[in-house]
Amino acid sequence: MAHAAPASPTTSMPGRRPDVFGPRVHLAVKIGLPLVLGLTYGYWAAAIRRDAGPITGWNLLFGFVTALVFAAVFAAVCALAPPLPRELHALCWFVFSGCAAGFLYSQSGASVYSSAGLGLVVGAGVLAMVFYRYYTHEDAQGRRIG
């Protein structure tokens, strides 16, 4: 009598695509992505604030603090938002992306109103995009499909 091979953890759920990456890759992305994006964002913010002037210690400190805050908030959104209903999940990304874009724009010396307006426009675009994605990739109970 032939026995079926035990299901691997990557294909144990029927209807799910297999996970081609191992746990080490997922851990590296979970740690590395916020770090790389944070450093990029911090460098960008410091470069805007520097405005082609000399690089100073305060400018470096500003860039690293900005990178740290961005990475921490990005990691928190990535960790805390997925269990939420799709509307709140999309709202988390709206707030995060709107604040990030508005803060970068404010470093150029723009007014508070124009920075807030740009943050709202960018956030609304992200909200529409991620809500559409979650709406088309989840069922009514929030379980992923496809």
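This is a predicted model: local features need pLDDT of at least 70, side-chain atom pairs count only at pLDDT 80 or more; totals for chains, interfaces and linings use all residues.
Let me begin with Asp51, which is found in the loop between helix 1 and helix 2. Helices here are DSSP runs of H or I with at least four residues, strands are runs of E with at least two, and both are numbered from the N terminus. Residues are numbered from 1 along each chain as its sequence is written, and side-chain values use heavy atoms, with hydrogens and water left out.

By the convention used here, buried means under 20% relative accessible area, exposed means over 50%, and partly exposed lies in between, with a 1.4 Å probe and protein chains only.

Let me now turn to the overall architecture. The secondary structure of the protein comes to four helices and zero strands, and from the N terminus on the elements run α-α-α-α. Of the 146 residues of the protein, 25% count as buried. A contact is defined by heavy atoms within 4.5 Å. Among contacts between residues at least 6 apart in sequence, 58% join residues at least 24 apart.

Helix 2 has 24 residues and reaches 34 Å from its first C-alpha to its last, close to the 34 Å expected at 1.5 Å a residue. The expected span is 1.5 Å times one less than the number of residues in the helix. The buried residues of helix 2 include Phe62, Phe70, Phe74 and Val77, and what covers the buried residues of this helix includes helix 1 and helix 3. For helix 3, the 21 residues should span 30 Å, and its end C-alpha atoms are 30 Å apart, so the two values agree. Among the buried residues of helix 3 are His89, Trp93, Phe96 and Leu104; their cover includes helix 1, helix 2 and helix 4.

Which residues have the most contacts inside the largest nonpolar core? They are Phe70, Trp93, Phe96 and Val130, in a core of 16 residues. Such a core is a set of buried Ala, Val, Leu, Ile, Met, Phe, Trp, Tyr and Cys residues joined through side-chain atoms within 4.5 Å. Helix 1 (23-50), helix 2 (57-80), helix 3 (86-106) and helix 4 (112-137) are the elements that give two or more residues to this core. Helix 3 gives the most, with five residues. Leaving aside neighbours within four places in sequence, Phe70 is in contact with Leu37, Gly38, Tyr41, Phe96 and Ala100.

I now come to the aromatic rings. The structure holds eight aromatic pairs. Rings of Phe, Tyr and Trp (its six-membered ring) pair if their centres lie within 6.5 Å; planes under 30 degrees apart count as stacked, over 60 as edge-to-face and the rest as tilted. The rings of Phe70 and Phe74 have centres 6.2 Å apart and planes at 5 degrees, so this pair is stacked. Both residues lie in helix 2, four residues apart, about one turn of the helix. Phe70 is buried, with a relative accessible area of 12%, and Phe74 counts as buried at 9%.

Phe131 and Tyr135 also form a stacked pair, 5.7 Å centre to centre with 25 degrees between the planes. They are four residues apart in helix 4, and are therefore separated by about one helical turn. Phe131 is partly exposed at 29%, and Tyr135 counts as partly exposed at 48%. Finally, Tyr41, Phe70, Phe74, Trp93 and Phe96 form one aromatic cluster.
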